[in-house]
Structures are given as C-alpha cells and as structure tokens.
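The following exercises ask the reader to work through a protein structure step by step. Each task is followed by its solution.

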Amino acid sequence: MSEKEKMLNQQLYDANYASELIKERTFAKELCYDYNHLRPSQRVERKQLLQKLLGKTKDNYTITAPFWCDYGYNIELGENFYANHNLVILDGAKVTFGDNVFVAPNCGFYTAGHPLDYERRNAGLEYAYPITVGDNVWIGGGVQVMPGVTIGSNVVIGGGSVVTKDIPDNCVAVGNPCKVIRPITEADKTRSYDRL
C-alpha cells in the first residue's frame, strides 16, 4: 500500500519521503502562492485557480487571501461558502463544508495529527482523519478544528475555540476545548444587535 493510500485510509503514513505526496503538496502550495499574489480585482483568475486546486465546489464561494492548504483535492465547499483572511486547511483527509458556511479570519482545519509517542512522531509518521462541517455554520475568528471532528448544521462556534470533539446541530459552542454552551432558539431571531 502506498503512503498516499495509507493517508486516504486513515492509517499511519509517512509524507516526508513519499514522492507522490511531495509532488502533490508542491503543486498545491504553488497554486496557493499564485492565488495569494493575485489582486483582489482579479476575480476570474482567482476562481480559476481555486477550481484547479479544490476537489469540489458549488457555484458561489469566496476564499479571501491568504489561503493555504496541503493538497486541495480533499477540500469540498458547499454553496455560499465564505472564508475570511488566513484560512489554513491541512487536508490529508477530506474536509467537507456544507452550504452557507462562514469562516472568520485566522481559522484552521487540521486533519493531520501525529502519534503521542516521540519515536513514531520523530520517524515522521502522521495520520489524517476527515473533518465535516454542516450547513448554516458560523466559525468565529481564530477557531482551530482538530482531526476527525464533525460540526453539525445550524451551529455557531465562538471565536478562539479549539474544537476537539464533535458538535451537534443547532447550538452555540465555545472554549478550549470547545463545548456546547446552549441551543440556538427562536428567541435568538428577535435579538437586536444595535449598539446604542
């Protein structure tokens, strides 16, 4: 089994010397570099580069530069996806975003992890577990999502959270580690955000 096959099958793998993975990461990093150096007004070129890089997109999506990922082909964006500056996705495994997902600045989605024991970690072994984000999700600024996490639909993740475990639908979750603090209710639809 190749190192790429191990990576895609959630097994320990070595990405350091696997020529296929090195080539794919280099290709993705070159596209990210090109993307990050386009002018904001170059909308057509920006979309073309993202379509070349990402595994699957719908029609309407925005990723504000700078943006970095490992492979690109493991990233799937739903309709009306928006990510603000400094998005990092380590996509050794699938990272799937539903429709109407908003990602604030300085967020990371990390499918990659390393063994706790230093012998295997120092030998260069790692793993990649998929991340899934449902529909209608708002990820606050500086949120970090760890390997294997599923975030449900209709969720708000508070800024600065570190999401280490699954988050169910219809709730507000915050903290390090991120925990559900309350459900989202009908009363939330009546709240005024005017600052008087």
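The model is predicted. Its ring pairs join Phe81, Phe97 and Phe109 into a cluster.

**Exercise 1. Aromatic pairs**

Task: Determine how many aromatic pairs there are, and classify the pair of phenylalanine 81 and phenylalanine 97.

Solution: 
1. Two rings pair if their centres lie within 6.5 Å. By this rule, the count is four aromatic pairs.
2. The ring centres of phenylalanine 81 and phenylalanine 97 are 4.8 Å apart, and the ring planes stand at 55 degrees.
3. Planes under 30 degrees apart count as stacked and those over 60 as edge-to-face, with the rest tilted. The pair of phenylalanine 81 and phenylalanine 97 is therefore tilted.
4. Phenylalanine 81 belongs to strand β5 (residues 81-83) and phenylalanine 97 to strand β7 (residues 95-97). The two residues are 16 residues apart, and their pair links distant parts of the chain.
5. Phenylalanine 81 and phenylalanine 97 are both buried.

**Exercise 2. The surroundings of isoleucine 89**

Task: Decide whether isoleucine 89 is buried or exposed, and state which residues isoleucine 89 touches.

Solution: 
1. Isoleucine 89 lies in strand β6 (residues 87-90).
2. The relative accessibility of isoleucine 89 is 1%. Buried means under 20%, so isoleucine 89 counts as buried.
3. Leaving aside residues up to four places away in sequence, isoleucine 89 touches Phe67, Trp68, Cys69, Asp70, Ile75, Val95, Phe97 and Phe109. Two of these, Phe97 and Phe109, also belong to the ring cluster with Phe81.
4. Between isoleucine 89 and asparagine 176 there are 87 residues in sequence and 19 Å in space, C-alpha to C-alpha.

**Exercise 3. Two helices**

Task: Describe how helix α2 and helix α3 pack, and which residues meet.

Solution: 
1. Helix α2 (residues 19-36) and helix α3 (residues 43-53) pack at an angle of about 165 degrees, and their axes are 10 Å apart.
2. Angles over 145 degrees count as roughly antiparallel, and α2 and α3 are therefore roughly antiparallel to each other.
3. The crossing of α2 and α3 is left-handed.
4. From α2, the residues Phe27, Ala28, Leu31, Cys32, Asp34 and Tyr35 meet Arg46, Leu49, Leu50, Lys52 and Leu53 in α3.
5. By class, this contact has eight nonpolar residues, three charged residues and no polar residues.
6. Glutamate 30 is also in helix α2. With a relative accessible area of 47%, glutamate 30 is partly exposed. Glutamate 30 and leucine 53 are 23 residues apart in sequence, and their C-alpha atoms are 9.8 Å apart in space.

**Exercise 4. Backbone geometry**

Solution: 
1. Most residues other than glycine have a negative phi, and most peptide bonds are trans.
2. Proline 66 is in the loop between β2 (61-63) and β3 (67-69).
3. Proline 177 is in the loop between β18 (171-175) and β19 (178-183).
4. Asparagine 170 is in the loop between β17 (162-163) and β18, and counts as partly exposed at 38% relative accessibility.

Notes:
Residues numbered from 1 in each chain as written. Predicted model: local features only at pLDDT ≥ 70, side-chain atom pairs only at ≥ 80, totals over all residues. Heavy atoms only, no water. Axes fitted to C-alpha atoms, helices over the stretch in contact; angles between N-to-C directions. Helix = DSSP H or I, 4+ residues; strand = E, 2+ residues; numbered from the N terminus. Parallel < 35°, antiparallel > 145°, perpendicular 65-115°, else oblique. Left-handed = near helix turned anticlockwise from the far one by under 90°. Contact = heavy atoms within 4.5 Å. Nonpolar A, V, L, I, M, F, W, Y, C, P; charged D, E, K, R; others polar. Phe/Tyr/Trp six-rings, centres within 6.5 Å; stacked < 30°, edge-to-face > 60°. Buried < 20%, exposed > 50% of the residue type's maximum accessible area, 1.4 Å probe, protein only.
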